[in-house]
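Me: Could you take a close look at one strand of this model for me, and then show how the rest of the chain is arranged around that part? I would like the cut-offs along the way, please.

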Amino acid sequence: QVQLVESGGGLVQAGGSLRLSCTASRRTLSAYGMGWFRQAPGKEREFVGAVRWSGETSYTDSVKGRFTISRDNAKNTVYLQMNSLKPEDTAVYYCAAGINSIGGPDGVAYWGKGTLVTVSS
């Protein structure tokens with residue numbers, strides 16, 4: 001069992017930045033490591049980005065060049081630096097661990113409770 005604790009959500013204007021953090025109670029080994037999914041009202045939870053313990057990253061196309069995911073292996077912590085935020089980025093962002101597939105949420109073993117990111121225009 002793994003507990004994930006997220007922080008950093010909030011309200012930001014379009015074009016602004018926000019950094020999310022997530023700390024896991026223990027390390028997990030999986031194909032895609034740890035990362036973030038998001039879910040907007042009325043929509044399915046979707047992959048945002050992930051980082052392997054090697055540092056290799058994966059991103060959904062809509063955030064490439066704007067979001068940067070990183071990790072601190074010693075702290076079992078993953079970060080999501082979000083720049084140039086757009087209103088369409090508004091969603092509840094969920095930390096994910098044990099990501100074995102980025103095709104959908106079913107490939108995730110552990111979830112955080114989520115943190116709301118609201119981007120105003």
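Reply: Strand β5 is mostly covered, with 5 of its 6 residues buried. Buried here means under 20% relative accessible area, exposed means over 50%, and partly exposed lies in between, with a 1.4 Å probe and protein chains only. Strands are DSSP runs of E with at least two residues, and helices are runs of H or I with at least four, numbered from the N terminus. Please keep in mind that this is a predicted model, in which local features need pLDDT of at least 70 and side-chain atom pairs count only at pLDDT 80 or more, while totals for chains, interfaces and linings use all residues. Residues are numbered from 1 along each chain as its sequence is written, and side-chain values use heavy atoms, leaving out hydrogens and water.

Now to the neighbours of the strand. β4 pairs with β5 in the antiparallel sense over 5 bridges; two strands count as paired if DSSP finds at least two bridges between them. Within this pairing, M34 has V51 of β5 as its bridge partner. The hairpin of β4 and β5 has 6 residues between the strands, and G42 there takes a positive phi near 80°. β5 is also joined to strand β6 (residues 57-59), by 3 bridges, and these two run antiparallel. Here G49 stands opposite Y59 in β6. The β5 and β6 hairpin has 5 residues between its strands, and G55 in the turn has a positive phi of about 100°.

Y32 touches this region too. This tyrosine sits in the loop between β3 and β4 and, at 22% relative accessibility, counts as partly exposed. Leaving aside residues up to four places away in sequence, Y32 touches A50, V51, R52, S58, I99, N100, S101 and I102, where contact means heavy atoms within 4.5 Å. Y32 and L20 are 12 residues apart in sequence and 18 Å apart in space, C-alpha to C-alpha.

Y93 touches, among others, W36, V48, L80 and M82, not counting residues up to four places away in sequence.

A search of the whole structure finds 1 disulfide, that is, a pair of cysteine sulfur atoms within 2.5 Å. C22 and C95 form this link, with their sulfur atoms 1.9 Å apart. The pair connects distant parts of the chain, as C22 lies in strand β3 (residues 18-24) and C95 in strand β9 (residues 91-99), 73 residues apart. Both cysteines, C22 and C95, are buried, and their link is left-handed, with -85° about the S-S bond.

Finally, the whole chain. The protein chain has 0 helices and 11 strands. Buried residues make up 42% of its 121 residues. Among the chain's contacts with a separation of 6 or more, 55% come from residues 24 or more positions apart.
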